[in-house]
Amino acid sequence: MKVAIVILNWNGRHLLEEYLPSVIAHSANEAHIYVADNASTDDSVEFIKQYFPQVTCILNKSNGGYAKGYNDSLKGLSEDLLVLMNSDILTTEDWLKPIIQEFKKDNHLGAAQPKILDLKRKTHFEYAGAAGGFIDSLGYPFCRGRIFDTVEEDHGQYDDTLPIFWASGACFVVRNELFWKAGALDELFFAHQEEIDLCWRIQAEGFKIKSIGVSAVYHLGGATLEQMNPQKTFLNFRNNLILLLKNVSGFKVWYILFFRMCLDGVAALKFLFEGKSTHFFAILRAHFNFYSKLFLVIQKRRNTKKIKSYASIYSIVYAYFIRKTKHYNELF
């Protein structure tokens, strides 16, 4: 089974210098390594060609964000498995082998992720993916190992291999043929939650998503946008509404969207009362941007396969804020 590791880069020479050596050391025997450059203005490409000649550079004409950047980069690749990897990932020895073995063993496995730990605090899971993702009925994402801002310490509690709803875009492994069959990444998202949208469509094609807990990588996180960056708030709130309208089946999508908009209003007011006015306006901007794209998303909705069930819990908001459930294992 041939594997391509594709690291998307934009002005990230310092990240490549820091983390690319670990990817080469731990993955070169199992995979062909590519760096897909999103029209960087720094010397990233020259740096790779000089110091890492074994890495193939793919040159994109523009910075189209995560979604377009990967769609453009992956078109010419023929490997069986594609690993979409952030440039701030530190790999571990033999991390890729159990993932490849699981794809060989399970013909209905469409996409997967390793266990993702925090490079800044190696005893804990990392926010963006942890040990595999889920969503509740209102579309709120959460993970085994991370619910909202509560991140668990890793005690080996999620070292198993099991189905999840979405795999993290920080280190996302997918069958090449299925990536295109499911419709690739939706470029409307630009960045954030597009991997959840793709995983939704992969499952609509009859394939599974898994977390491979015996494989582990470390993620720096926030290398492109910090967690509390207003632009990240804008993308997360806007994209979550797009995600729901595009993928939730039946008439129920409309009352789910209404309920979500009410909760978004509560979140916006909370930011305002906390003195975080930039995030308050980011949520307002997210909603107006969503309204402006409403007819486009409805058209996408008509052309998107649906699945009957997607939520593992009705409301993670209720569980976390009312029941005070902070850990994934306490939810069920």
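Visitor: Are α6 and α7 roughly parallel or roughly perpendicular to each other?

Guide: Happy to walk you through this predicted model. Helix α6, residues 194-204, packs against α7 at an angle of about 15°, with their axes 10 Å apart. Angles under 35 degrees count as roughly parallel. The two helices, α6 and α7, are therefore roughly parallel to each other.

Visitor: Which residues of α7 meet α6, and how does the contact divide by class?

Guide: From α6 come Ile196, Asp197, Trp200 and Arg201, and these meet Leu243, Lys246 and Asn247 in α7. By class, the contact of α6 with α7 has three nonpolar, one polar and three charged residues. The α7 residues you asked for are Leu243, Lys246 and Asn247.

Visitor: Is α7 oblique or roughly parallel to α10?

Guide: Helix α7 covers residues 230-247 and helix α10 covers residues 294-302. They pack at an angle of about 40°, with their axes 8 Å apart. Roughly parallel would need an angle under 35 degrees. That angle of about 40° therefore makes α7, relative to α10, oblique.

Visitor: How many charged residues are in the contact of α7 with α10?

Guide: On the α7 side we find Ile242, Leu244, Leu245 and Lys246, which meet Leu294, Val297, Ile298, Lys300 and Arg301 in α10. The contact includes six nonpolar residues and no polar ones. For the contact of α7 with α10, the number of charged residues is three.

Visitor: What is the handedness of the crossing of α1 and α2?

Guide: Helix α1 (residues 13-27) and helix α2 (residues 44-51) pack at an angle of about 30°, their axes being 9 Å apart. That makes α1 roughly parallel to α2. As for the crossing in which α1 passes α2, its handedness is right-handed.

Visitor: Which residues in α2 meet α1?

Guide: The contact of α1 with α2 has, by class, three nonpolar, one polar and two charged residues. The α1 side consists of Arg13, Leu16 and Glu17. Their partners in α2 are Ser44, Phe47 and Ile48.

Notes:
Residues are numbered from 1 along each chain as its sequence is written. This is a predicted model: local features need pLDDT of at least 70, side-chain atom pairs count only at pLDDT 80 or more; totals for chains, interfaces and linings use all residues. Side-chain values use heavy atoms; hydrogens and water are left out. Axes are lines fitted to C-alpha atoms, for helices over the stretch in contact, and angles run from 0 to 180 degrees between N-to-C directions. Helices (H or I, at least four residues) and strands (E, at least two) are DSSP runs, numbered from the N terminus. Angles under 35 degrees count as roughly parallel, over 145 as roughly antiparallel, 65 to 115 as roughly perpendicular and the rest as oblique. Contact means heavy atoms within 4.5 Å. Ala, Val, Leu, Ile, Met, Phe, Trp, Tyr, Cys and Pro count as nonpolar, Asp, Glu, Lys and Arg as charged, and the others, Gly among them, as polar. A crossing is left-handed if the near helix is turned anticlockwise from the far one by less than a right angle, and right-handed if clockwise.
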